[in-house]
Amino acid sequence: MLKRFPVLSALAAQLVTAAVLLALAIIVKRMFGLIVPVPALLLLQGVAAAFLGERLGLAPWWRIINVVLPFAVWGAWVLELPAWVYLVALLGLLAFFWNSADERVPLYLSNTATREALATLLPAQTGVRFLDIGAGLSGTLAHLARMRPDGYFAGVESAPVPALISRLRLMGVANARLIYGDLWRQELASYDVVYCFLSPAPMAEVYRKAKAEMRRGSVLISNSFAVPQVAPDEVYELEDRRRTRLYLYRL
């Protein structure tokens, strides 16, 4: 359960470290008469929760969230914010980052260098079919669709706000479409190229799905995250600031 829903892992890490540190603070006060400053306790909790969260299988980017979260909660308590503020904040975060909570996939956006590289990697034949699983704001779809008006470009996105932005962005782009839904329910058989910029967590499952559904000769391209224990057929390192790598798997 914790691995399937990383939010639960983060919550568990915070609760465990808070309980341990509270007990230690009480012991220190009773034995030595010392009161540990609140900021120091919050920092210790954040760092300890980040460490424990990593042991529970959380992706590296959760470290920042775990460190910042205790300070955010304390700040909200000090400011005595009304209860509806928490609900609105939670709903807003879920609307943007639903993939992070449910599918272990943060909102990553492909940069211009990646889009240009993908354009060169598309098959030359007319009618090429391209699918972006985890399309985000659909910048990649819009770019490729305009560069290749002879092709068909689709994207899948399950986070409500990015999906809405994508729909608006693709209005007027006749050969591009955004599908709102679960990437695991999207069939891959009809596509020549499937592209993803997800996270390390689902890559083994993505590869198994692609291997089972995609036609012989089609290609799976993963931005930055390789499939574990599967050697890519090609690796393209881009000359951008983060030295992006595209992993190609020919099926």
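Buried means under 20% relative accessible area, exposed over 50%, and partly exposed in between, with a 1.4 Å probe and protein chains only. The model is predicted: local features need pLDDT of at least 70 and side-chain atom pairs count only at pLDDT 80 or more, while totals for chains, interfaces and linings use all residues. Residues are numbered from 1 along each chain as its sequence is written, and side-chain values use heavy atoms, with hydrogens and water left out.

**The whole chain**

Start with a cartoon view of everything. The secondary structure comes to eight helices and seven strands. Helices (H or I, at least four residues) and strands (E, at least two) are DSSP runs, numbered from the N terminus. Of the 251 residues of the chain, 41% count as buried. Contact means heavy atoms within 4.5 Å. Among contacts between residues at least 6 apart in sequence, 62% join residues at least 24 apart.

**The sheet**

Select the strands next. They form an open sheet of seven, in the order β3-β2-β1-β4-β5-β7-β6, with mixed pairing. Two strands pair if DSSP finds at least two bridges between them. Strands β3 and β6 (234-237) stand at the edges with a single partner strand each, so one side of each has no neighbour in the sheet. On average, neighbouring strands are turned by 20 degrees against each other, direction ignored.

Select residues 152-157, which are strand β2. Is this strand enclosed or open to the outside? Five of its six residues are buried, so β2 is largely enclosed by the rest of the structure.

Aspartate 132 stands opposite glycine 155 in β2. Between β1 and β2 the chain passes through helix α6 (residues 139-147), and this β-α-β crossover is right-handed. A crossover is right-handed if, with the strands pointing away from the viewer, the path from the first strand over the helix to the second runs clockwise.

Valine 156 has isoleucine 179 of β3 as its bridge partner. The chain goes from β2 to β3 through helix α7 (residues 160-169), again in a right-handed β-α-β crossover.

**Alanine 163 in helix α7**

Helix α7 lies across β2 and β3, running at about 160 degrees to β3. Axes are lines fitted to C-alpha atoms, for helices over the stretch in contact, and angles run from 0 to 180 degrees between N-to-C directions. Select alanine 163, found in this helix. Its relative accessible area is 5%, so it is buried. Which residues does alanine 163 contact, leaving aside its neighbours within four places in sequence? They are Glu157, Leu178 and Tyr180.

**Strands β4 and β5**

Select residues 193-196 and 219-223: four bridges join these strands, β4 and β5, which run parallel. Valine 194 has leucine 220 of β5 as its bridge partner. Helix α5 (residues 112-121) lies across β4, β5, β6 and β7 (245-250), at about 25 degrees to β7.

**Helices α2 and α3**

Last, select residues 38-55 and 62-79. These helices, α2 and α3, pack at an angle of about 150 degrees, with their axes 8 Å apart. Residues in the contact include Leu42 and Leu43 of α2 and Phe71 and Trp74 of α3.
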